[in-house]
Structure formats: C-alpha cells, structure tokens
Amino acid sequence: QVQLVESGGGVVQPGGSLRLSCAASGVIFSINDMGWYRQAPGKQRELVAAVTRGGNTNYDDPVKGRFTISRDNAKNTVYLQMNSLKPEDTAVYYCNARVAVSIIATFRDYWGQGTQVTVSS
C-alpha cells in the first residue's frame, strides 16, 4: 500500500505564494517521476510540473517562471513552490508519483488526495 499525503494548500490573494508538499509512504521499492497536477471545475486534470528521479524538471507553459518543483529522494517527498499566483491557478492540486512496490513490480501511478488552492482578491 502506497500513500501520498499532501499539504500546503489554502486561500491567497493574487500575487501571493504557497508551497505544496507531498510525502509518499508505505510499501515502496523505488519512485521514478513525481509531479503535480491540477483540476479546476469543469476542466480536465492537467500536468503542472514534473520532476524525474535525477532532478530534471518540466513545467506547463502557464506556470513557467512562477512555479518550481523539487524533490527530496531521501524523504520520498515532492514540493511545489508557487509564486506570483493568479486567479486562474485556482484548482485542486494533486500529487502524483510513479512507484514500484518491489524489485519485480512495474511502476504505476499513485495519487494524493488533492489539496485546494484558491487565488482570489
């Protein structure tokens, strides 16, 4: 059993900042990519940012230059620093990790419970 526990969401004014954290725990052999997705009402879930096991990152265009993803492999934790937040960033943010639970297991996606980020004046 693998659990991803998120924290750090909240309500902020435009231009504000939040830092999301997501810690993976349980039966874990290895974690490859980790990432953050978001889903606003009436919209599809979209990838916000991802980071590989080696630390390579990629970002969705709307957040480039404002968000930073990072990870601490020793803690099985991924972070998303969100600066210069805009109302259009309002969404439920979900942590994702590709996890193998044993040496013979394939990697599969696990998801956090979601944390609400609301940007409003």
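Are Arg38 and Asp89 buried or exposed? Select the two residues. Both are buried (under 20% relative accessible area; exposed is over 50%, partly exposed in between; 1.4 Å probe, protein chains only).

Before going on, note that this is a predicted model, where local features need pLDDT of at least 70, side-chain atom pairs count only at pLDDT 80 or more, and totals for chains, interfaces and linings use all residues. Residues are numbered from 1 along each chain as its sequence is written, and side-chain values use heavy atoms, with hydrogens and water left out.

**Stop 1: Arg38 and Asp89**

Stay on this pair. Arg38 and Asp89 form a salt bridge, with 2.9 Å between the closest N and O atoms. The term means a side-chain nitrogen of Lys or Arg within 4 Å of a carboxyl oxygen of Asp or Glu. Arg38 lies in strand S4 (residues 30–39) and Asp89 in the loop between strand S8 (77–82) and strand S9 (91–100), so the contact ties together parts 51 residues apart in sequence. Strands here are DSSP runs (E, at least two residues), numbered from the N terminus.

**Stop 2: Arg66**

Arg66 forms a salt bridge with Asp89, the closest N and O atoms being 2.8 Å apart. Arg66 sits in the loop between strand S6 (57–59) and strand S7 (67–72), and Asp89 in the loop between S8 and S9, so this pair joins parts 23 residues apart in sequence. Arg66 and Asp89 are both buried.

**Stop 3: Glu46**

Arg38 counts as buried because its relative accessibility is 5%. Glu46, at 32%, counts as partly exposed.

Now show Arg66 and Asp89 again: both are buried. The structure's salt-bridge count is five.

**Stop 4: Tyr37 and Trp111**

Move to the rings. The structure holds one aromatic pair. Tyr37 and Trp111 form this pair edge-to-face, at 4.9 Å centre to centre and 65° between the planes. Rings of Phe, Tyr and Trp (its six-membered ring) pair if their centres lie within 6.5 Å; planes under 30 degrees apart are stacked, over 60 edge-to-face, the rest tilted. Tyr37 is in strand S4 and Trp111 in strand S10 (residues 108–111), 74 residues apart. Tyr37 is partly exposed at 22% relative accessibility. Trp111 is partly exposed at 36%.

**Stop 5: Arg45**

Finish with Arg45. Arg45 lies over the face of Trp111, 4.6 Å from the ring centre. Arg45 also lies over the face of Tyr94, at 3.8 Å from the ring centre. The criterion is NZ of Lys or CZ of Arg within 6 Å of the ring centre and within 35 degrees of the ring normal.

Key: Helices (H or I, at least four residues) and strands (E, at least two) are DSSP runs, numbered from the N terminus.
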